[in-house]
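Reader: Could you take me through this model by setting each value beside the rule that gives it its label?

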Amino acid sequence: AFLDKLCIHQTDPIKKQKGINAIGAFLIQSERVTILWDATYFTRLWCVFEVAVFRRLNPAAIIEFVPITLGKLEIYLHLAACLSCLLLSLLLILMPEMPPLITTGNPTACTLFFYEEAGASIDYSYLLSLSDVMFFIIIPMGVFYQWRRHVHFLQEVPKILSSFSAKKANCFSETDRKFVESVIIALYDSLENFDEHVQGSLASKLNGVVGTDSTPMLPLGLLY
């Protein structure tokens, strides 16, 4: 496995340049590239350059799309579920005599009614109500919000690729920019030809991998 950020030295300029010079050799030997994608990915010169060169050297190779934006959603979901379970566990510790209660319809109102009728403390009833709110309101709203942001970012991918410009793309180091541009010119004759390649054939291929065509989604009308 080759992870560019770790496998290319980031502090020693000589070692870094050697690693950059050899990146084509790594790409041509690779059968798969995994894109750890976020909303800024296709605004960065290095990222677009690597994907374009990989596609040129390995037209039949696999590009795997892993959106890291969904990682936050998973973390938040687990934290919320753990908090809800903690509230329920606290309720059972405080009230071991009370049986589990599962309600439908309006869970908070039903829970309050039955627990108060059973003689439960109103404070404990509010604790269970808080757990209901976490399960049925806060968690769904959090999932909805993160998923909506994710879909919005995906919809921006075709727009970003269609207006891509190597000269305007972000690059962490101007030294790196000069090297990348020199390789681009060697492969595509000019930066303008590279821009046309990214905006045309590369964009059409990537939209099916990274764009909304590749992602199972809720109906878009429900997200707005």
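**Labels and their cut-offs**

Author: Of the 224 residues of the protein chain, 37% count as buried, where buried means under 20% relative accessible area, exposed over 50% and partly exposed in between, with a 1.4 Å probe and protein chains only. This is a predicted model, in which local features need pLDDT of at least 70 and side-chain atom pairs count only at pLDDT 80 or more, while totals for chains, interfaces and linings use all residues. Residues are numbered from 1 along each chain as its sequence is written, and side-chain values use heavy atoms, with hydrogens and water left out.

Reader: What makes up the secondary structure of the protein chain?

Author: The protein chain has nine helices and two strands, helices (H or I, at least four residues) and strands (E, at least two) being DSSP runs numbered from the N terminus. Along the sequence the pattern reads α-α-α-β-α-β-α-α-α-α-α.

Reader: Which elements supply at least two residues each to the lining of the largest pocket, and what is the make-up of that lining?

Author: A pocket is an open set of points on a 1 Å grid over the protein atoms alone where a 1.4 Å probe fits, with protein on both sides within 12 Å along at least five of seven lines, and its lining residues have an atom within 4 Å of a point. The largest pocket holds about 950 Å³ of space, a volume being the space filled by probe spheres set on the points, which are joined across faces, edges and corners. Helix 1 (4-7), helix 2 (13-21), helix 3 (23-29), strand 1 (32-37) and helix 4 (45-57) each supply at least two residues of this lining. There are 29 lining residues, and Leu 3, Asp 4, Lys 5, Cys 47 and Glu 50 lie nearest the centre of the pocket. By type, the lining divides into 18 nonpolar, four polar and seven charged residues, with Ala, Val, Leu, Ile, Met, Phe, Trp, Tyr, Cys and Pro counted as nonpolar, Asp, Glu, Lys and Arg as charged, and the others, Gly among them, as polar.

Reader: Why is the pair of Trp 46 and Phe 49 called edge-to-face?

Author: A search of the whole structure finds five aromatic pairs. The ring centres of Trp 46 and Phe 49 are 5.6 Å apart and their planes stand at 75 degrees, so this pair is edge-to-face; rings of Phe, Tyr and Trp (its six-membered ring) pair if their centres lie within 6.5 Å, and planes under 30 degrees apart count as stacked, over 60 as edge-to-face and the rest as tilted. Both residues lie in helix 4, three residues apart, about one turn of the helix, and both are buried. Ring pairs link Trp 46, Phe 49 and Phe 179 into a cluster.

Reader: Is Asp 176 buried or exposed, and what is in contact with Asp 176?

Author: Asp 176, in helix 8 (residues 174-188), has 7% relative accessibility and therefore counts as buried. Leaving aside neighbours within four places in sequence, Asp 176 is in contact (heavy atoms within 4.5 Å) with Lys 16, Ile 20, Trp 46 and Cys 171.

Reader: What makes Asp 189 count as exposed, and what is its phi?

Author: Asp 189 is found in the loop between helix 8 and helix 9 (191-207), and its relative accessibility of 63% is why Asp 189 counts as exposed. Its phi is positive, about 75 degrees, although Asp 189 is not a glycine. Most residues other than glycine have a negative phi.

Reader: Why does Ala 169 count as buried?

Author: Ala 169 counts as buried because its relative accessibility is 6%. Ala 169 is found in the loop between helix 7 (122-162) and helix 8, and its C-alpha atom is separated by 8.9 Å from that of Trp 46, 123 residues apart along the chain.
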